[in-house]
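Please keep the sequence and the structure in view while reading.

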Amino acid sequence: MKIHEYQAKTILAEFGVPVPRGRVATTASAAGGIAQELGGTVVVKAQIHAGGRGKGGGVKLARSAQEAEQAASQILGMMLKTHQTGPEGQLVKRVLVEEGMAIRQELYLGIVIDRTAGLPVLMASSAGGMEIEEVARTRPEAIVKAHVDPATGVRGYHTRKLGYGLGLKGDLLKAAGEFVTKLYQAFEAKDCSLAEINPLVITGDGRLLALDAKMTFDDNALSRHPEIQALRDLDEESPLEVEASKYNLNYIKLDGTVGCMVNGAGLAMATMDIIKLAGGEPANFLDVGGGASAEQIENAFRILISDTNVRAVFINIFGGILRCDRLAEGVIRAVRALGVRLPIVIRMEGTNVELGQRMLRESRLNFITAQGMKDGAEKTVRAARGA
């Protein structure tokens, strides 16, 4: 789950992480009023769940309350397009108005889970303000890393490694150590999967401040964080993804024409790969899970075909916990209830596969059966092109 920058900064401030003074506004006049309170010179920042806002025109400097109101009027209501929003952009409904300040240097600081090591990893770089993915690709040596054992937490040798790697000395080195420790405390306490400060700035008067902040949270841990669940902004999520979450379905909308229904994340990734290998493009990632009921299958199918880009459907199931007859029951029910006219290719193996295949045949619906993933992907791609 993602949250807005202003929400992330509120959380970080609770743990003592220094952030700029500022407040969120939903109207231009309110933005002007906040700027007046902050002393005039401010930065007005669009609040959407995407990076690259500045390049898209969603971040503006204002040197007076009047300029802040004018900047907010330009940003609020715009469809802000960045490399993370897609070509359609994202509607801006609120702005963060923050104090302006002199900046001596921009740095990067982040914490993510290293899946290979099975540990959180601290990352820091002197290339602040840039996209860290680009830095990792072109200048990997510019990123300093330190893995943290959750049993012991952040220690002095972690913060010194990062601080020295950033070229910090004296009071700034000490401040950076405190900053990293507090950021990790927030990361751990809130069950984050990502906590990122980009840029982390050294101000003209020698302070460290989180000029930007991004936090995402482990969905599986949200049940013990109602305060985080309350920050969810459904307007920032795909309507189909929101609908899927109501039925505990893992759905992510993509840009292709081949709808995918799969059980198991690994099989779903392999299915998308083989669709691309066959010359097609997946329209979604949809994992119905190992124990899906016929009702969940029906809801998954309804969500899948609600995407108007879908031209054909590839159902690729390995029947273990999810038996093949249960899958067949759910798909048959969905196709009949929804009056589906799209080509549907089904490949299934595993528990009760013969019963499931017989149910599909006896349904007298126009399913296309496949022998193996490669055959299924090729048939679906052909069907999508001719739909």
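A pocket here is an open set of points on a 1 Å grid, with protein on both sides within 12 Å along at least five of seven lines. The model is predicted, and in it the largest pocket holds about 1800 Å³ of space.

**Largest pocket**
- Among the 40 residues that line the largest pocket, E237, S238, E241, Y251 and I252 are the closest to its centre.
- Two or more lining residues come from each of strand 5 (90–91), helix 8 (239–245), strand 13 (250–253) and strand 15 (284–287).
- By class, the lining of the largest pocket comprises 16 nonpolar, 12 polar and 12 charged residues.

**Second largest pocket**
- The second largest pocket has a volume of about 1200 Å³, and of the 45 residues that line it, G52, R53, N198, P199 and D212 are the closest to its centre.
- The elements that each supply at least two residues of this lining include helix 1 (5–14), helix 4 (132–138), strand 7 (103–114) and strand 10 (192–203).
- The lining of the second largest pocket divides into 21 nonpolar, 11 polar and 13 charged residues.

**Packing of helix 2 and helix 3**
- The axes of helix 2 (residues 28–38) and helix 3 (residues 65–75) come within 7 Å and cross at roughly 145 degrees, and the crossing is right-handed.
- On the helix 2 side, the contact involves A28, S29, A31, G32, A35 and Q36, which meet A65, A68, E69, A72 and S73 of helix 3.
- This contact of helix 2 with helix 3 has six nonpolar, four polar and one charged residues.

Definitions and conventions. Residues numbered from 1 in each chain as written. Predicted model: local features only at pLDDT ≥ 70, side-chain atom pairs only at ≥ 80, totals over all residues. Heavy atoms only, no water. Axes fitted to C-alpha atoms, helices over the stretch in contact; angles between N-to-C directions. Helix = DSSP H or I, 4+ residues; strand = E, 2+ residues; numbered from the N terminus. Left-handed = near helix turned anticlockwise from the far one by under 90°. Contact = heavy atoms within 4.5 Å. Nonpolar A, V, L, I, M, F, W, Y, C, P; charged D, E, K, R; others polar. 1 Å grid on protein atoms, 1.4 Å probe; cavity = no way out; pocket = protein on both sides within 12 Å on 5 of 7 lines; lining within 4 Å. Points joined across faces, edges and corners; volume = space filled by probe spheres on them.
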